[in-house]
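Let's go through a model and ask what backs up each label we put on it.

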Amino acid sequence: MNVSSSPLVQQADTAQRRPNLIVVWIVALVAIIGGQGIGAVIAGAVTGHELDGSVPAQWGEVITNGLSLLLLALWVIFYERRSILSVGLRDRRGFVRFGTGFGGGFVLFALALGLLVLFGGYSGNTVAGHTTTGSAAVWIVLSLVPVWIVQSSTEEIVVRGYLLQWHGLKLTNGWVAVIAPSILFAVVHLDFHPLVLLNIFLFGLLFSFLSLAQGSIWLAAGIHTAWNMAQSNIFGLPGDSSFREVTLFNVGPDSVGSAILTGGDYGVEGSVLTTVLLAAAVFCAYRYHRAVEARRAAGHRDERHPGTATPSGR
């Protein structure tokens with residue numbers, strides 16, 4: 001599988017200094033773990049809430065993720081000497097792609113939740129601990145949209161926009177270039193339940209193939225944002241080892257159902273039904289990437305041989 005022809009990967013080629021992959025991994029880990037760790041201390045001091053699921057704590061995530069972005073930007077601009085837009089953000093149709101992904105992410109989550117309801121994993125139970133639900137939560141949830149955009153887009157910029165593009169540029173094996181960053185993406189979520197790890201890894205593959213095909217991270221960031229927001233502040237389900245106090249709807253798993261089916265304390269992301277859905281989505285994204293890759297290869301051949309006649313197809 002070839003990934004080097006993707007504009008996402010080729011943007012790394014604009015760097016005046018090229019770090020080796022060990023350094024690339026160190027930079028990504030420092031941005032994610034260091035930025036989040038230091039940012040959490042600062043956010044806790046500013047908001048007075050330390051990752052307790054409250055609205056102020058959620059706004060504190062803008063600080064934690066913003067620091068991760070700042071660390072990455074400083075490295076890209078001052079060491080690699082290239083534009084921060086080159087990390088998967090250079091796309092004239094970026095906002096349109098993000099909006100499309102945002103809608104698609106809600107559809108994807110609705111399908112996952114629908115499967116759980118259909119197979120009896122969710123049957124009208126509620127999750128305890130929510131402080132604000134229903135109509136009283138509408139404006140609060142809408143105000144949190146920027147929080148989810150920053151949180152999800154930060155992960156896409158670091159993992160798909162930076163890590164994936166350097167792997168694609170430096171490795172001849174496209175599968176390794178896609179799989180390695182997806183493993184990191186799963187591990188840094190710190191949910192070590194086997195199904196959760198597998199499902200987040202599948203998300204990593206899905207976002208990677210979409211980003212490679214589109215040449216930017218905008219579509220993936222939109223899907224990522226919508227999924228996280230739907231899970232936490234729309235339906236009030238646990239995810240990423242976190243719980244949010246404010247939610248539009250309060251639904252939960254069947255207390256007597258199998259945890260493999262319902263996801264148990266891990267929510268939708270811990271269900272085997274989500275695994276099946278994501279596997280199908282990954283296959284479709286892979287086929288989409290291969291189709292776009294074939295068109296790029298054909299266009300490259302036409303550029304090298306502009307006088308070659310195109311077959312009539314008879």
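Q: What makes two residues count as being in contact here?
A: Contact means that their heavy atoms come within 4.5 Å. This is a predicted model, by the way.

Q: Which residues of α8 and α9 meet by that rule?
A: On the α8 side you have Phe203, Phe207, Leu210, Ser211 and Gln214, and they meet Leu219, Ala220, Ile223, His224 and Trp227 of α9. Helix α8 covers residues 194–214 and helix α9 residues 218–234, and the two pack at an angle of about 150° with their axes 8 Å apart.

Q: What is the crossing of α2 and α3 called, right-handed or left-handed?
A: Right-handed. The axes of α2 (residues 21–47) and α3 (residues 55–78) cross at roughly 145° and come within 7 Å. Their contact has 16 nonpolar, nine polar and no charged residues.

Q: What makes a residue part of the lining of the second largest pocket, and which lie nearest its centre?
A: A lining residue has an atom within 4 Å of a pocket point. The lining has 14 residues, with Leu89, Ile149, Ser153, Ile157 and Trp218 nearest the centre. Helix α6 gives the largest share, four residues. By class, the lining has twelve nonpolar, two polar and no charged residues.

Note on methods
Residues numbered from 1 in each chain as written. Predicted model: local features only at pLDDT ≥ 70, side-chain atom pairs only at ≥ 80, totals over all residues. Heavy atoms only, no water. Axes fitted to C-alpha atoms, helices over the stretch in contact; angles between N-to-C directions. Left-handed = near helix turned anticlockwise from the far one by under 90°. Nonpolar A, V, L, I, M, F, W, Y, C, P; charged D, E, K, R; others polar. 1 Å grid on protein atoms, 1.4 Å probe; cavity = no way out; pocket = protein on both sides within 12 Å on 5 of 7 lines; lining within 4 Å.
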